[in-house]
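Please look over the model shown here. The paragraphs below go through some of its charged side chains and their surroundings.

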Amino acid sequence: MLVLSRQKDESIIIGDDVEITIVDVRGDKVRLGITAPKSISVHRREVYEAIQREKKEKEAKEKEAKEAHETEKKQ
């Protein structure tokens with residue numbers, strides 16, 4: 001993991017088209033501004049993990065439904 005120190009209104013660049021700017025620092029909270037193309041999704045970790053869980057659950061349900069349908073066809 002790369003660890004960088006930044007102060008308010010300073011930025012880091014990731015690749016050619018993602019910029020993360022320190023917008024505000026209050027106590028133990030840091031507010032970030034993120035500039036990225038619309039083709040790149042940006043989420044807080046807990047939101048990203050929830051999305052991934054939902055995708056896996058949906059895929060599992062679709063697989064179960066497909067297997068049940070195939071079993072019915074064989075009978």
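Which residues does Lys-8 touch, not counting residues up to four places away in sequence? Lys-8 touches Ile-22, Val-23 and Asp-24, where contact means heavy atoms within 4.5 Å. This is a predicted model, in which local features need pLDDT of at least 70 and side-chain atom pairs count only at pLDDT 80 or more, while totals for chains, interfaces and linings use all residues. Residues are numbered from 1 along each chain as its sequence is written, and side-chain values use heavy atoms, with hydrogens and water left out.

Lys-8 lies in the segment before strand E1 (11–14); helices (H or I, at least four residues) and strands (E, at least two) are DSSP runs, numbered from the N terminus. At a relative accessibility of 48%, Lys-8 is partly exposed. On this scale buried means under 20% relative accessible area, exposed over 50%, and partly exposed in between, with a 1.4 Å probe and protein chains only. Between the C-alpha atoms of Lys-8 and Val-42, which are 34 residues apart along the chain, the separation is 21 Å.

One of the residues touched by Lys-8 is Asp-24, which belongs to strand E2 (residues 18–26). Leaving aside neighbours within four places in sequence, Asp-24 is in contact with Lys-8, Lys-29, Val-30 and Arg-31. Asp-24 is buried, its relative accessible area being 13%. The side chain of Asp-24 also forms a salt bridge with that of Arg-26, at 2.8 Å from N to O. A salt bridge here is a side-chain nitrogen of Lys or Arg within 4 Å of a carboxyl oxygen of Asp or Glu. Arg-26, in turn, is exposed, with a relative accessible area of 62%.

Side chains of opposite charge can pair when their charged atoms come close. By the salt-bridge rule the count comes to 4. Another of these bridges joins the side chains of Glu-46 and Arg-44, with an N to O distance of 2.7 Å. Glu-46 is partly exposed at 47% relative accessibility, whereas Arg-44 is exposed at 55%.

A further salt bridge links Arg-45 and Glu-49, whose closest N and O atoms are 3.7 Å apart. Why are Arg-45 and Glu-49 separated by about one helical turn? They are separated in this way because they are 4 residues apart in helix H1 (residues 45–74). Arg-45 is exposed, with a relative accessible area of 62%, and Glu-49 is partly exposed, with 36%.
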